[in-house]
Amino acid sequence: MSLWFAILLGLVQGLTEFLPVSSSGHLVLAQMLFGGDVEADYLLFNVLLHFGTLLSVVVAFWKDIKELVVEFFGWVKDGFRINGHPYRRFIIMVLITLVPMFAVLPIKSKLEEAFSSTLLVGLLLLVTAAILFLSEKAPKKHKTEQNATWLDALIVGVGQCFAVLPGLSRSGTTICTGLFRGFSREFAVRFAFIMSLPVILGANLLEVIDVLRAPAEALGDVSLLCYIAGILAALLSGLAAIRLVRLVSKRGNFRPFVVYCTLIGTITIVVSLFRMI
């Protein structure tokens, strides 16, 4: 692997993981353009790129994460009583979002296989664009961790389940689902990214198991410099993506991402249909 390719993969991973444009969908498209399978050919490198994006969430939301950790131990100490602490409610909401994922995890790989055709990726990118566009019509309410309900958290978690499909953005789906449930724009973004931490961490652990089982040749020919460059690229681009999403959401619309997903989705559909002829 060359240094420039390692940096490119890191940038793509960091940007598409958090921008509402679907990282899995872009992976399918990248494999169509360049051939091969980055996840299979460079297992360890892929794991470390995901670790870089995990770090970017921790850095971007460090204040919230630190408070959540402190309140978690306080919550346990108080016999799992909330006692009016907003961050303890936040913890419960994050845990509730994980419940629907347990139903999807056993069939996740089959779903990704079934929906990994470029034509379907293009169609789902258009669905992502539609979701982002319709989010502007969401009721402008101000729910936060202080007054959001357990049902709100469960529905956002269900939205996250649908986002396992390549082409359907996880961040876009969860943010917009939160907005439709009346979350404030700031909280919808904050909740969507923080609730992604257990999912990203769990995915990393599963990938580590794959690495441990993989033969040496499946790890690819990657130098130490490429590992470092890829992780830094994923970390920095992830931070930039999070900052951009927060800024765009604060302004009240996702129009730039609507245009991007519509454009890429349409091109993908046209190219896919052309290749079928």
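Is Leu-15 buried, partly exposed or exposed? Leu-15 is partly exposed, because its relative accessible area is 34%; buried means under 20% relative accessible area, exposed over 50%, and partly exposed in between (1.4 Å probe, protein chains only). The structure is a predicted model, in which local features need pLDDT of at least 70 and side-chain atom pairs count only at pLDDT 80 or more, while totals for chains, interfaces and linings use all residues. Residues are numbered from 1 along each chain as its sequence is written, and side-chain values use heavy atoms, with hydrogens and water left out.

**Overall architecture**

- The protein chain has 14 helices and 0 strands; helices (H or I, at least four residues) and strands (E, at least two) are DSSP runs, numbered from the N terminus.
- Of the 277 residues in the protein chain, 48% count as buried.
- The accessible surface of the protein chain is about 13800 Å², and 71% of this area belongs to carbon and sulfur atoms; such areas come from the Shrake-Rupley method with a 1.4 Å probe, and for residues only the protein chains shown count as cover.
- When contacts between residues at least 6 apart in sequence are considered, 83% of them join residues at least 24 apart; a contact means heavy atoms within 4.5 Å.

- The largest nonpolar core has 46 residues, and Phe-90, Ile-175, Phe-183 and Phe-191 have the most contacts inside it. A nonpolar core is a set of buried Ala, Val, Leu, Ile, Met, Phe, Trp, Tyr and Cys residues joined through side-chain atoms within 4.5 Å.
- Apart from that core lies another of 8 residues, including Ala-6, Leu-9, Leu-49 and Cys-226.
- Leaving aside neighbours within four places in sequence, Ile-175 is in contact with Ala-188, Val-189, Ala-192, Val-245 and Phe-254.
- Helix α10 is largely enclosed by the rest of the structure, because 10 of its 11 residues are buried. Among these buried residues are Arg-170, Thr-174, Ile-175 and Cys-176.
- Just after α10, Gly-182 takes a positive phi of about 95°.
- Ser-184 lies in the loop between α10 (170-180) and α11 (185-194), and it counts as buried because its relative accessibility is 12%.
- Not counting residues up to four places away in sequence, Ser-184 touches Lys-141, His-142, Lys-143, Thr-144 and Leu-179.

**Nonpolar surface patch**

- Leu-3, Ile-7, Leu-11, Leu-15 and Leu-225 make a nonpolar surface patch of about 390 Å². Patches are made of residues with over 30% relative accessible area and no salt bridge; like charges are joined within 9 Å, and nonpolar side chains (Val, Leu, Ile, Met, Phe, Trp, Tyr) within 5 Å.
- Helix α1 (residues 3-18) gives the most to this patch, with 4 residues, and Leu-15 is found in that helix.

**Salt bridges**

- Side chains of opposite charge can pair when their charged atoms come close.
- The whole structure contains 8 salt bridges, each being a side-chain nitrogen of Lys or Arg within 4 Å of a carboxyl oxygen of Asp or Glu.
- Asp-64 and Arg-190 form a salt bridge through their side chains (3.0 Å, N to O). Asp-64 lies in helix α5 and Arg-190 in helix α11, so this pair ties together parts that are 126 residues apart in sequence.
- Both Asp-64 and Arg-190 are buried.
- Arg-190 also meets Glu-186 in a salt bridge (2.9 Å, N to O); these two residues both lie in helix α11, 4 residues apart, about one turn of the helix.
- Glu-186 is partly exposed, because its relative accessible area is 44%.
- Asp-64, Glu-145, Glu-186 and Arg-190 are linked in a network of salt bridges.
- Arg-255 and Glu-136 form a salt bridge as well (2.7 Å, N to O). Arg-255 lies in helix α14 (residues 255-276) and Glu-136 in the loop between α8 and α9, so the pair ties together parts that are 119 residues apart in sequence.

**Loop residues and cysteines**

- Phe-80 has a positive phi near 60° although it is not a glycine, and its place is in the loop between α5 (62-77) and α6 (86-104).
- Asn-83, in the loop between α5 and α6, has a positive phi of about 55° and is not a glycine either.
- The structure holds 0 disulfides, a disulfide being a pair of cysteine sulfur atoms within 2.5 Å.
- Cys-176 counts as buried because its relative accessibility is 0%.
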